Amino acid sequence: MTTPAPAITGDDHVLGQAGARVTLMEYGDFECPSCGATHPILREVRRAFGPNLRFIFRHYPLRDNHPHAEMAAQAAEAAAAQGKFWEMHDRLYEHQDALDQRGLTRHARKIGVDVAKFETDLAARTYATRVERDVESGRASGVRGTPSLFINGVIYRGPRDRASLVAALANAAMAPAVP
Amino acid sequence: MAKKLMNTAVQTGPRRIGRHTIQRLLLYYLVAGGILLLLTAVFPQRAMTPAGDIPPTGMAEGLDWLRWRLAVMPLGAPAWVDACVQMVGAFLLVLPIAFTYIRTRTRVKYDHSLVQTVVMLPIVVTAILVVVQDSLALAFSLAGIVAAVRFRNNLRESGDAVYIFGSIGIGFASGIHALSVATALSVTFVVVELVLWRLDLGAEFDDMFNRLCMPSGADRAAPPSSAGDVPEPTGGNGRKRGASESPDSDPRLTTLRIYVDDLAAGRLAVEQVLARDAKVWTASSTEPGEGTAGVLEYRVRPRKSVGLAAVRDNLLRDGAPHIIATDETDAAHRL
């Protein structure tokens, strides 16, 4: 049975242009150590491709294993509401040991969002549905763990070192388009 | 020549000292010198106080006269005040050295604990020398104590040792009440270190070799070497600059793997960018892929004014649409 490729929607968090030659999508969990380790690699990969790569991030908090992951995902969405998703995304991955309520507020202050609104959004769980939508799309596409990477809509199961990822993405970018 | 050298040092290149840096250092030394003069005048060393109530006369005794006029304690400051003055002097004179360390180190080579060590060390050395003074017995005791404590620390850079020695030197000079010597050491150290850093002396082996060791008018492109000839590039027209730049052995060259959708067009685009942005480059391999696509591998040393990150950005920008990605290959991958 083939799983449907995750469709890109208007409220996805996207870096890069729609016309880029290759699209890399990550389902990630801000508390997951593997995601944290993959984060700088993906940054290098984005640098390797420049405008030829479109990068999309979706939430997939593993609630059973990571007690702070869900709230961190909502915090990223609360920051996104104030136009600071990628700043929060980077900060959360770089400070995985500080994802409790105080840590999230501190990160929000550091990246310069309106902390009062940020805290209100978190307390009201305003973005829980938004996060859940990402999780549901991941499940539908066969995501079982994090980080899960999709290259042009196809799940990538190879090694997650920089050289392998760049090679896989380059192959996808250079592959003739399927009619 | 020296003027030209300093103009170049101040104005151009990626290793810029900066006019503001020089102005700040000059201002700092003037202020620090003034503070030290005032301190030594107000709190003179006991042995240095002019005798009696008669002011010294004559041009040669101008400083003594100033001391006599300003001295709060005309008979000489007590030992602890004198020690404080010397320690403050050591502290003020070592700060520019710590600043020079921060200015000349990259983020990778920077060691913040060394900065703190360099600042603290002369204060401690001054205090030790104030205690030891001329006592042979105390000196032997100090040697015994130092021998009993094992100091072992690996410095991140061999050049960092110079900062430690410079710092100790200032401490020594301050400890024996030779603040003028400490000032001279501090100024000389800062100037020489900044100039050496700016010129990156010795980094360009071939250029230095040609200038220093080859007869005038000799072919500078081909210095004699036992390392053998540079292998011809497998493709492209990489500029070779001597045997030391053998692409396999030169650590200054970075391997770039460049993914292209058309090998011929991609190579042309890559080499146009490298001809402009790289100081040295050689094509090292070509891996054909599906159809016309493939991977070009180059050993590259970017121009200092450009930098590797900008070379990669320029490849992606100017090499569009044929260049898909550029990746720096680490040693493990090459093996």
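**View 1. A167(A), a partly exposed alanine in a predicted model.** A167(A) counts as partly exposed because 19 other C-beta atoms lie within 10 Å; a residue is buried at 20 or more such atoms within 10 Å, exposed at 12 or fewer, and partly exposed in between, with C-beta atoms placed from the backbone. Everything here comes from a predicted model, in which local features need pLDDT of at least 70 and side-chain atom pairs count only at pLDDT 80 or more, while totals for chains, interfaces and linings use all residues. Residues are numbered from 1 along each chain as its sequence is written, and chains are lettered from A and ligands numbered from 1 in the order in which they are written. A167(A) belongs to helix α7 of chain A; helices (H or I, at least four residues) and strands (E, at least two) are DSSP runs, numbered from the N terminus. Look across to V45(A): 122 residues separate it from A167(A) in sequence, yet the two C-alpha atoms are 9.9 Å apart in space.

**View 2. Helices α1 and α7 of chain A, packed together.** Here α1 (residues 33-49) and α7 (residues 162-174) of chain A pack at about 40°, and their axes are 10 Å apart. Axes are lines fitted to C-alpha atoms, for helices over the stretch in contact, and angles run from 0 to 180 degrees between N-to-C directions. That angle is why α1(A) is called oblique to α7(A): under 35 degrees counts as roughly parallel, over 145 as roughly antiparallel, 65 to 115 as roughly perpendicular, and the rest as oblique. The crossing of α1(A) and α7(A) is right-handed, the term for a near helix turned clockwise from the far one by less than a right angle (anticlockwise is left-handed). On the α1(A) side you'll find I41(A), E44(A), V45(A), A48(A) and F49(A), which meet R162(A), L165(A), V166(A) and L169(A) of α7(A). Contact means C-beta atoms, placed from the backbone, within 7 Å. Sorted by class, the contact of α1(A) with α7(A) has 7 nonpolar, no polar and 2 charged residues. Ala, Val, Leu, Ile, Met, Phe, Trp, Tyr, Cys and Pro count as nonpolar, Asp, Glu, Lys and Arg as charged, and the others, Gly among them, as polar.

**View 3. Helices α4 and α5 of chain A.** The axes of α4 (residues 101-111) and α5 (residues 115-123) of chain A come within 10 Å and cross at roughly 145°. This crossing of α4(A) and α5(A) is right-handed. L104(A), T105(A), A108(A) and R109(A) of α4(A) meet V115(A), F118(A), E119(A) and L122(A) of α5(A). The tally for α4(A) with α5(A) is 5 nonpolar, 1 polar and 2 charged residues.

**View 4. Helices α7 and α8 of chain B.** In chain B, the axes of α7 (residues 160-175) and α8 (residues 179-199) come within 7 Å and cross at roughly 160°, which means α7(B) is roughly antiparallel to α8(B). α7(B) passes α8(B) in a left-handed crossing. Among the residues in contact are G166(B) and G169(B) of α7(B), and L185(B) and F189(B) of α8(B). The contact of α7(B) with α8(B) has 7 nonpolar, 4 polar and no charged residues.

Definitions and conventions. Two residues are in contact if their C-beta atoms, placed from the backbone, lie within 7 Å.
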